[in-house]
Amino acid sequence: MATTLESNTAAITVRDLSITYTRPTGGTVHAVDNISFDVRPGEFLTLIGPSGCGKSSVLRTLGGLQTPSAGDIRLGDVTIDRPVPDRISYVFQDFALFPWRTALANVETPLEIQGVPKKERRERAMKVLEQVGLERFAAQYPHELSGGMKQRVAIARALVTDCDILLMDEPFGALDEQTRLMIGVQLVELLEKLNKTIVFVTHNLQEAVNLSDRVLVFSKPPSVVRDVVEVDLRRPRRFEDMNSEEFMSIQRSLFSLLYETESAERAV
Ligand SMILES: Nc1ncnc2c1ncn2[C@@H]1O[C@H](COP(=O)(O)OP(=O)(O)OP(=O)(O)O)[C@@H](O)[C@H]1O
């Protein structure tokens with residue numbers, strides 16, 4: 001089940017990445033220790049691992065929102081050392097919508113920042129709202145939308161710039177189980193159609209198997225990539241697949257890898 005971490009063609013290459021924080025109160029946290037992996041073009045790659053192992057930190061460095069303590073992250077030939085908004089978008093767990101702007105205006109925001117003319121950005125924002133099934137809610141404000149709808153607006157905002165890479169940090173963590181599964185399946189279908197590359201963080205192993213092409217399992221900090229698991233299930237995924245022996249077996253493998261990580265730590 002284990003597979004290679006590095007490939008010849010990659011959307012993003014991560015080499016010898018270490019992340020260490022200095023606490024304001026003194027002392028350091030060595031979160032991530034010298035990891036290397038590739039994100040392949042068009043894949044859905046998920047990062048899982050024990051709480052505090054550095055998943056969000058890695059995602060932020062991939063997005064250029066944070067500088068690594070050591071190592072190199074590249075998008076093609078270019079080192080990522082700052083945000084690259086025309087190539088990489090970010091989706092957060094808490095939606096991060098502007099409460100004073102309608103759904104449509106929220107989706108238009110990145111285009112406004114890029115200086116896209118009003119008529120064009122309206123049209124593009126409406127098109128993406130349609131793709132996530134929210135065209136009828138364009139004029140609503142975030143407080144008038146359900147959690148699932150808010151997250152779809154946030155995803156529409158990430159898609160509107162035509163970025164090829166989406167970084168998603170527990171985007172469905174705040175949603176109930178049913179909505180989480182529903183949106184996840186719809187999302188993957190849409191992202192596949194749009195040929196996006198996704199790096200996704202979750203704690204939910206069922207979600208990881210359901211959405212991903214590959215899953216990177218991190219150890220406890222200072223974290224290394226403990227294993228990488230290929231999810232070789234048919235696409236598009238179907239709800240009934242979640243009950244298949246193949247699906248369960250991959251989910252059990254992920255659980256064992258996480259559990260072994262935890263027990264190895266306890267044994268030290
Ligand atoms: N800005 C910061 N300053 C100091 N320490 C930080 C900072 N950000 C993260 N850390 C520490 O780095 C470690 C990794 O944090 P991170 O949020 O990346 O982990 P995570 O795997 O995403 O956690 P979780 O699964 O709980 O969300 C933790 O020990 C955390 O306390």
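Which residues are buried in α2? In this predicted model, the buried residues of α2 are Ala 103, Leu 104, Asn 106, Val 107, Glu 108, Pro 110 and Leu 111. Helices α3 and α4 are among the elements that cover them.

The protein chain contains seven helices and 10 strands. Its C-alpha trace extends over about 60 × 45 × 40 Å along the principal axes. The radius of gyration is 19 Å, in agreement with the value near 18 Å that a compact globule of 268 residues would have. Buried residues make up 38% of the 268 residues of the protein chain. Of the contacts between residues at least 6 apart in sequence, 70% join residues at least 24 apart.

In soluble globular proteins, nonpolar side chains tend to be buried together. The largest nonpolar core of the model comprises 67 residues. Within this core, the residues with the most contacts are Val 107, Leu 129, Ala 156, Leu 167, Val 199, Val 217 and Leu 254. Helix α4 (residues 147-159) is the main contributor, giving seven residues to the core. When residues up to four places away in sequence are not counted, Leu 254 touches Ile 48, Leu 205, Ala 208, Val 215, Val 217 and Val 229.

Helix α2 (residues 103-113) packs against α4, with the two axes coming within 7 Å and crossing at roughly 30°. Because this angle is under 35 degrees, α2 and α4 count as roughly parallel to each other. Their crossing is right-handed. On the α2 side, the residues that meet α4 are Ala 103, Asn 106, Val 107, Thr 109 and Pro 110. Their partners in α4 are Val 153, Ala 156 and Arg 157. Val 107 and Ala 156, both listed in this pairing, are also among the residues with the most contacts inside the largest nonpolar core. After α2 comes Gly 115, with a positive phi near 80°.

Helix α3 (residues 118-131) includes Met 126. This residue counts as partly exposed, because 18 C-beta neighbours lie inside 10 Å, whereas burial requires 20 or more. Apart from neighbours within four places in sequence, Met 126 is in contact with Leu 104, Glu 135 and Ala 138. Met 126 and Thr 22, which are 104 residues apart in sequence, are separated by 44 Å from C-alpha to C-alpha.

Most residues other than glycine have a negative phi, and most peptide bonds are trans. Among the exceptions in the model is Asn 34, whose phi is positive, near 55°. Asn 34 belongs to strand β2 (residues 28-39) and counts as partly exposed, with 13 C-beta neighbours inside 10 Å. Asp 162 likewise has a positive phi, about 65°, although it is not a glycine. Asp 162 is placed in the loop between α4 and β7 (165-169) and is partly exposed, with 13 other C-beta atoms within 10 Å.

The peptide bond from Pro 221 to Pro 222 is cis, with omega near -5°. Pro 222 is located in the loop between β9 (214-218) and β10 (225-230). Arg 235 and Pro 236 are also joined by a cis peptide bond, for which omega is about -10°. The loop that holds Pro 236 runs between β10 and α7 (245-267).

Notes:
Residues numbered from 1 in each chain as written. Helix = DSSP H or I, 4+ residues; strand = E, 2+ residues; numbered from the N terminus. Rg over C-alpha atoms; globule rule 2.2 N^0.38 Å. Buried ≥ 20, exposed ≤ 12 C-beta atoms within 10 Å, placed from the backbone. Contact = placed C-beta atoms within 7 Å. Core = buried A, V, L, I, M, F, W, Y, C linked by C-beta atoms within 7 Å. Axes fitted to C-alpha atoms, helices over the stretch in contact; angles between N-to-C directions. Parallel < 35°, antiparallel > 145°, perpendicular 65-115°, else oblique. Left-handed = near helix turned anticlockwise from the far one by under 90°.
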